[in-house]
Amino acid sequence: MVSYIHLPIVALCSFILLAIWRLWICIDRLGFMREVSRRAPTMFYGHLLAAVLAIMPLLITAGAWSDITLPHQTAPINAYLAAFMSAACLGGCLLLLKNTGERLALSWAGSREGALRFVAMLRIIDAAELAYALQYVHEHEAKNGRLIDAETVREVSK
């Protein structure tokens, strides 16, 4: 039995996969793939897991529509069970991508902008952390005196 409830689910999964793919292609073309995957590994792995969850409804739909029986099954998968599993996978995918709405886009220009925004955000975070560290060091030096003397550093480095 063919269930047409899979059509909107498959369409939405296709758009999600396309948006994830375009974002990471743009990050790679900008040359920041290593930096982003090193500094934001949870985003990389989260998008990877979301892509796997977005592929699952495509496979479930193909299996349900072609009436494939898996090993140790007497009949093909029930259409309602297949629709429920597809919707659950789509829900898990959307749950993983709940904070990436601004970065994922369906156009190349939007994907480039999202990639640039993310790289700029990482750079701004670095600058803010550096500014805080410098402020802390200056306050600590003002209170306790200089921590490291320049002459001792030169002597050690020789």
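**Chat about the model**

Modeller: Cys13 is buried, at a relative accessible area of 0% (buried means under 20%, exposed over 50%, partly exposed in between, with a 1.4 Å probe and protein chains only). This is a predicted model, where local features need pLDDT of at least 70 and side-chain atom pairs count only at pLDDT 80 or more, while totals for chains, interfaces and linings use all residues. Residues are numbered from 1 along each chain as its sequence is written, and side-chain values use heavy atoms, with hydrogens and water left out.

Colleague: And Cys93, buried or exposed?

Modeller: Cys93 is buried, at 0% relative accessibility.

Colleague: How many disulfides are there?

Modeller: The count is zero disulfides, taking a disulfide as a pair of cysteine sulfur atoms within 2.5 Å.

Colleague: New topic: which residues line the largest pocket?

Modeller: Its lining is made of Leu59, Ile60, Gly63, Ala64, Ile68, Leu70, Gln73, Ile77 and Met85. By type, that lining has seven nonpolar, two polar and no charged residues. Nonpolar covers Ala, Val, Leu, Ile, Met, Phe, Trp, Tyr, Cys and Pro, charged covers Asp, Glu, Lys and Arg, and the others, Gly among them, are polar.

Colleague: How do you define a pocket?

Modeller: On a 1 Å grid over the protein atoms alone, a pocket is an open set of points where a 1.4 Å probe fits, with protein on both sides within 12 Å along at least five of seven lines; lining residues have an atom within 4 Å of a point.

Colleague: Which helix gives the most to that lining?

Modeller: Helix H3 (residues 41-65), with four residues; helices are DSSP runs (H or I, at least four residues), numbered from the N terminus.

Colleague: Last one: how many aromatic pairs?

Modeller: Three aromatic pairs, meaning rings of Phe, Tyr and Trp (its six-membered ring) with centres within 6.5 Å; planes under 30 degrees apart are stacked, over 60 edge-to-face and the rest tilted. One of them is Trp21 with Trp108, edge-to-face at 5.7 Å centre to centre and 70 degrees between the planes. That pair links helix H1 (residues 6-30) to helix H5 (residues 108-144), 87 residues apart.

Methods
Helices (H or I, at least four residues) and strands (E, at least two) are DSSP runs, numbered from the N terminus.
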